[in-house]
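The structure it refers to comes next.

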Amino acid sequence: MIYINDFSRKFELTLNEVCRHSPHGARIISYFNAYHGIKYNFLDFWLQTNDSGRPSCAVCRYYSTLIICGESCYMAELDNFVCMLSPAVIMCDTNYDFSYQCSCAGGEIMRCKKLNDCAEKKHSIHRSSSDMSYLRKIYDLLCKTDDRISPDSFEDYFLDISHKIRHGAAEVYSIYNGNDLLSTASVTVMSDSAAVIGCVATDFAYREKGLASELVGYITEKHLNKEREVFLQREKPIGLYERLGFEVCGEWYEYKRK
């Protein structure tokens with residue numbers, strides 16, 4: 001059975017339990033915490049129960065994106081539910097196989113349990129604050145270094161990340177030289193038990209100087225010290241993550257409607 005968020009304390013505790021130890025679960029909890037206690041037409045949460053009535057799978061809808069974590073014991077029910085919602089994007093682990101008509105991309109989930117001593121701190125690191133004006137520079141650098149990001153979608157990026165920053169569900173870090181942004185990395189989602197690092201980018205002119213390693217190492221150490229699991233998701237091998245101590249612990253899928 002699949003049941004929707006009833007805004008009870010029991011639902012909140014159960015959702016947190018189902019979503020532990022997963023980057024997708026951390027994403028679900030970050031949205032739950034950022035918008036907690038208020039009903040929005042763009043955001044919903046559901047739990048699916050197993051034969052004994054114990055919740056084993058969590059689903060979050062954020063606008064036209066579905067995020068799924070846990071293990072579904074009734075895949076046919078979940079598959080029908082997903083088709084009914086008709087999302088543009090589905091983010092999940094590779095243990096799900098949907099009949100929904102969509103294309104699929106994927107990659108590796110990595111986790112760091114212990115940071116290697118290889119990220120020397122040479123620069124002052126700027127952390128996100130209540131002043132959100134710097135997010136334009138961050139976004140421009142992401143667009144410059146990743147052709148999959150559209151410059152036209154800055155408003156969506158800004159609304160999402162700024163709201164999560166204000167509610168303690170995301171963080172943005174960067175290294176500057178004066179007013180010039182050299183490198184950036186973010187905790188894109190965060191829960192009490194996990195943090196997911198993403199949006200890592202360095203200006204082409206400042207690459208091969210260890211800036212990304214410095215940022216990712218700094219963020220990882222900070223959250224490991226808070227006893228959070230630290231994850232990242234990558235599409236292709238990037239050596240700096242292994243050097244820092246990240247290890248592959250699973251795979252992720254991203255389905256997109258055709």
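## Glu 254 and its partner

Glu 254 is partly exposed, with a relative accessible area of 22%, where buried means under 20% relative accessible area, exposed over 50%, and partly exposed in between (1.4 Å probe, protein chains only). Its side chain meets that of Lys 256 in a salt bridge of 3.7 Å, N to O, the term standing for a side-chain nitrogen of Lys or Arg within 4 Å of a carboxyl oxygen of Asp or Glu. Lys 256 also counts as partly exposed, at 43% relative accessibility.

## Basis of the values

The model is predicted, and local features need pLDDT of at least 70, side-chain atom pairs count only at pLDDT 80 or more, and totals for chains, interfaces and linings use all residues. Residues are numbered from 1 along each chain as its sequence is written, and side-chain values use heavy atoms, with hydrogens and water left out.

## The network around Asp 44

A search of the whole structure finds 12 salt bridges, and those that share partners join Lys 39, Asp 44 and Arg 61 into one network.

Arg 61 forms a salt bridge with Asp 44, and the closest N and O atoms are 2.7 Å apart. This pair links distant parts of the chain, 17 residues apart, with Arg 61 in strand S3 (residues 55–62) and Asp 44 in strand S2 (residues 43–49); strands are DSSP runs (E, at least two residues), numbered from the N terminus. Arg 61 is buried, with a relative accessible area of 17%.

Note on methods:
Helices (H or I, at least four residues) and strands (E, at least two) are DSSP runs, numbered from the N terminus.
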